[in-house]
Amino acid sequence: MPTKLDAQVPSSAPGGADDALMKVRDLQVHYALRGSSMGRLFGAGGDVVKAVDGVTFDLRRREVLGLVGESGSGKTTLGRALLGLVRPTGGEVRYGEHDLPSLSERRLRPFRRKLQMVFQDPSAALNPSMDIEAAVGHPLQIHKLVANRTERRERVVEALERVGLAPVERFLSKYPSDLSGGQKQRAVLARAIILGPELLVADEPISMLDMSVRAKILELMLDLKRDLDLTYVYITHDLATAKFFCDRVAIMYLGRIVEIGPTEEIFSDPKHPYTKALLRAIPEPDPGALVPRDLPRGEIPDAAAPPLGCSFHPRCPAAFEKCGWETRDLRPLLEQRWLGLDEDAYDAERATIGNLDSLDVPAHQVRLSPGRGRGPGDVEALVQRAREADPQEPLWKGVKRLEAQDGAVAVDFHEGEDPRLRPAGAVEVACHLY
Amino acid sequence: MTAARADVPSYAEPVLSVADLRVWYGTERGPVRAVDGVSFDLRPGETLGLVGESGCGKSTLGRGLLGLLPAGAKADGEIRFKGTNLLQAKRRDIDRLRGPELGMIFQEPLTRLNPLMRISEHFEETLRAHEPQIGKEEARRRSIDTLRKMGIPPTRYRAYPHEFSGGMRQRIMIALALVLRPAFIVADEPTTALDVLVEAQIIRILADLRRNFDTALLLITHNLGIVAEACDRVAVMYAGHLVEDGDAREVFAKPRHPYTRELLRSTISLQTTGLHYIPGAPPDLVEPPPGCKFHPRCPDAMVVCGAQDPVAVQTASGSRVACWLHGPADRIDEGGTARMAQEEISVADEA
């Protein structure tokens with residue numbers, strides 16, 4: 001790519017002593033939910049979804065950093081916040097001398113040339129009514145970097161050659177609908193590199209493609225990175241490609257980074273129980289390897305009402321006192337138990353406990369009131385039975401007190417603590433085990 | 001319902017027997033041959049994984065088996081289900097089979113559940129529609145029992161679809177298909193919309209299906225890892241043809257067809273140390289290449305491959321492979337086994 005742009009664009013500090021391209025500090029992206037418009041105006045009422053909740057890391061020059069997590073983990077929002085496509089509600093994204101979130105849209109625009117995005121669905125990322133020449137050359141027009149069509153064509157041809165869409169003449173006048181999935185993603189990459197960026201945020205760039213072409217697009221991205229000195233943020237839910245493609249990996253869960261470190265370390269010695277579970281859950285096309293049967297239960301919780309303490313504790317097989325046990329953890333435990341009982345036993349136990357919905361409020365103390373015609377003794381006996389049936393269940397470690405009191409059973413849990421990212425060996429991990 | 005898989009003798013009559021099935025769509029350019037001469041059997045309690053890349057015809061095949069093809073599609077051949085040829089059956093007869101005998105599990109569970117109906121209503125309506133003689137109490141009992149087997153607690157029986165997470169909705173959809181105890185189910189990419197950990201839970205349920213129900217299952221997926229875990233047999237589809245099928249473990253350990261082998265090699269797994277891909281793109285199904293449909297991309301192509309359609313060969317272990325590398329040798333003309341001179345495949349032709 002021509003480097004004449006560099007003269008005009010405020011670039012980050014030149015490489016050397018400081019090899020961080022971007023410094024992200026305590027970044028937050030919170031969305032207000034529901035509530036009236038007046039309430040939103042005055043910051044009252046309504047729930048808040050913490051899509052990104054206090055993320056801190058350095059993005060090193062020329063590295064591939066993987067943001068790995070399941071849907072709802074905040075990985076896409078974080079990627080977009082790095083580019084200024086989403087306005088953070090707190091924290092810093094330092095790029096050179098500048099803090100991107102504090103810049104106005106107008107002052108942010110020159111930086112956009114250096115910070116580009118590749119989207120998941122190449123069909124949706126290309127305007128169906130623009131031919132490839134217009135689509136790939138569009139950024140040049142937006143940023144007023146070419147004077148005429150001839151100049152634009154020169155630049156487009158160069159970019160298409162770089163991404164391997166050759167012979168170029170065959171593609172210039174084609175429309176996205178004429179191209180295969182892999183070819184479209186190449187065109188999207190050409191558009192992303194045409195302004196000579198420093199950073200590409202690639203959000204699931206290969207997950208919509210067929211198995212047989214995924215490797216080809218990854219290979220192309222590695223070539224582009226080498227030839228153009230790029231830095232990548234690779235957003236994915238697919239640990240296998242992250243393992244192959246990334247220098248460092250950050251595992252995300254419910255808006256937080258729970259583990260970050262060199263790819264090799266994370267895959268050979270995963271520390272966070274969530275990372276461990278993810279690694280074991282991947283179905284491998286190996287007839288000898290079967291998906292294990294003791295994977296974490298449940299699913300990613302509601303981001304508008306995250307669990308107390310560590311967000312992963314309700315699903316964590318290794319959770320203990322400090323992890324933040326609470327009222328809401330009791331219900332799945334009882335429901336899981338009832339799955340295995342026959343109808344009569346279930347009816348009897350269900351009738352023993354009064355209102356189950358009282359368990360849906362987050363708190364460290366709960367009163368289990370007995371159902372009609374039952375006493376607190378019956379409830380206590382039921383809880384004890386459940387405990388004896390599964391003494392290994394981590395929840396029991398979190399129970400501080402369990403006794404009949406004033407016609408109900410009081411359950412107190414240990415106060416939990418929210419784990420912070422801390423160094424553990426070669427990685428950083430947010431887990432009380434370390 | 002709870003017959004263990006061991007109780008199903010391996011020589012049991014196939015519940016579904018497909019012979020030379022062809023499905024094509026009419027277009028201005030000519031017919032698109034989406035399924036082109038597919039034959040296989042499926043026995044009670046057996047799970048067959050159908051794998052292939054997008055556009056290979058796997059979804060068309062799955063829908064064709066249930067008579068769910070869109071208007072404009074034509075089918076020919078034989079789909080023998082419990083003695084009846086579904087392709088010649090009257091529309092009304094197929095409609096009557098769908099549900100109690102033929103089930104389907106879709107990719108996006110949220111779009112298949114009515115947001116205004118409780119889960120209990122979905123189940124009770126389904127049971128009443130197909131088994132009018134069923135009593136209210138019996139319907140409730142059977143619904144809760146099936147949901148329980150899928151891990152949905154009875155306390156949630158009267159909840160609405162939006163109160164469940166994505167993984168639970170998919171379990172509900174599976175239970176909704178199973179509550180009628182169909183003999184044959186098609187599951188089209190049932191885990192594609194789900195997260196890794198939830199996907200693993202659903203795969204486990206599908207794998208257990210074989211043991212807990214004697215339903216035959218056709219599991220359509222592009223994820224080879226799922227097949228390895230959940231299926232007894234696997235069938236690999238390319239350009240409307242089954243190129244290889246057999247015992248899942250055996251096919252994955254020792255793929256015989258070059259397409260199966262290359263597809264396995266290009267799958268990026270935790271064991272991947274180098275990138276590998278298949279050059280070129282699947283053929284245009286209006287004008288597919290002559291001979292073996294894979295020969296233009298095949299690293300092992302021989303002269304015969306571009307001239308004659310391959311013949312499916314049965315191996316000693318019961319696998320079938322349609323590739324000239326595996327014979328039959330006496331059907332190959334003189335000089336046919338010479339290596340084919342192939343043109344370089346450029347990016348211009350890639351998938």
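This is a predicted model: local features need pLDDT of at least 70, side-chain atom pairs count only at pLDDT 80 or more; totals for chains, interfaces and linings use all residues.
Reader: Let's start with chain A. How many helices and strands does it have?

Author: Chain A has 17 helices and 15 strands. Its C-alpha atoms fill a box of roughly 85 × 55 × 45 Å along the principal axes. Of its 434 residues, 44% are buried.

Reader: What makes a residue "buried" here?

Author: It's a neighbour count: a residue is buried if 20 or more other C-beta atoms lie within 10 Å of its own. In helix α6 of chain A (residues 132-142), I132(A), A135(A), V136(A), G137(A) and P139(A) are the buried residues.

Reader: And what do the buried residues of α6(A) pack against?

Author: Their partners are α7 (149-162), α8 (169-172) and α9 (181-193) of chain A. After α6(A) comes K144(A), which has a positive phi, near 50 degrees.

Reader: Which share of the contacts in chain A is between residues 24 or more positions apart?

Author: Among contacts with a separation of 6 or more, those pairs account for 67%.

Reader: Which residues of α3(B) and α4(B) meet?

Author: On the α3(B) side you have S120(B), F123(B), E124(B), L127(B) and R128(B), and they meet A139(B), R140(B), R142(B) and S143(B) of α4(B). Sorted by class, the contact of α3(B) with α4(B) has three nonpolar, two polar and four charged residues.

Reader: Then what makes α5(B) and α6(B) "roughly parallel"?

Author: Helix α5 (residues 166-178) of chain B packs with α6(B) at an angle of about 15 degrees, the axes being 10 Å apart. The cut-off for roughly parallel is under 35 degrees, and α5(B) and α6(B) therefore get that label. In this pair, α5(B) passes α6(B) in a right-handed crossing. The touching residues are G166(B), G167(B), Q170(B), R171(B) and I174(B) from α5(B), with V198(B), Q201(B), I202(B) and I205(B) from α6(B). By class, the contact of α5(B) with α6(B) has four nonpolar, four polar and one charged residues.

Reader: How do you know that the sheet in chain B is open, and which strands are at its edges?

Author: Eight strands of chain B line up in the order β6-β7-β8-β3-β9-β10-β12-β11, with mixed pairing. The edge strands are β6 (102-105) and β11 (312-314) of chain B, each of which pairs on one side only. From one strand to the next, the twist averages 20 degrees.

Reader: What makes β11(B) count as paired with β12(B)?

Author: Pairing takes at least two bridges. Three bridges join β11(B) to β12 (residues 320-322) of chain B, and the two run antiparallel. One position to look at is A312(B), which stands opposite A322(B) in β12(B). Helix α1 (residues 58-65) of chain B packs on the sheet and touches β3 (47-51), β7 (184-188), β8 (216-221) and β9 (233-238) of chain B. Its direction makes about 155 degrees with that of β8(B).

Reader: Why is β8(B) described as largely enclosed?

Author: Six of its six residues are buried, so β8(B) is largely enclosed by the rest of the structure. In a regular strand, side chains alternate between the two faces of the sheet. Both faces of β8(B) are covered, with A216(B), L218(B) and I220(B) buried on one side and L217(B), L219(B) and T221(B) buried on the other.

Reader: How do the neighbouring strands pair with β8(B), parallel or antiparallel?

Author: β3(B) pairs with β8(B) in the parallel sense over five bridges, with L218(B) as the bridge partner of L48(B). β7(B) also runs parallel to β8(B), joined by five bridges, and there A187(B) is partnered by L219(B).

Reader: Last one: how many residues of chain B are in contact with chain A?

Author: 45 residues of chain B are in contact with 46 residues of chain A. α6(B) gives the largest share of the chain B side, seven residues. By class, that side has 24 nonpolar, 14 polar and seven charged residues.

How values were computed. Residues are numbered from 1 along each chain as its sequence is written. Chains are lettered from A and ligands numbered from 1 in the order in which they are written. Two residues are in contact if their C-beta atoms, placed from the backbone, lie within 7 Å. Helices (H or I, at least four residues) and strands (E, at least two) are DSSP runs, numbered from the N terminus. Ala, Val, Leu, Ile, Met, Phe, Trp, Tyr, Cys and Pro count as nonpolar, Asp, Glu, Lys and Arg as charged, and the others, Gly among them, as polar. A residue is buried if 20 or more other C-beta atoms lie within 10 Å of its own, exposed if 12 or fewer, and partly exposed in between; C-beta atoms are placed from the backbone. Axes are lines fitted to C-alpha atoms, for helices over the stretch in contact, and angles run from 0 to 180 degrees between N-to-C directions. Angles under 35 degrees count as roughly parallel, over 145 as roughly antiparallel, 65 to 115 as roughly perpendicular and the rest as oblique. A crossing is left-handed if the near helix is turned anticlockwise from the far one by less than a right angle, and right-handed if clockwise.
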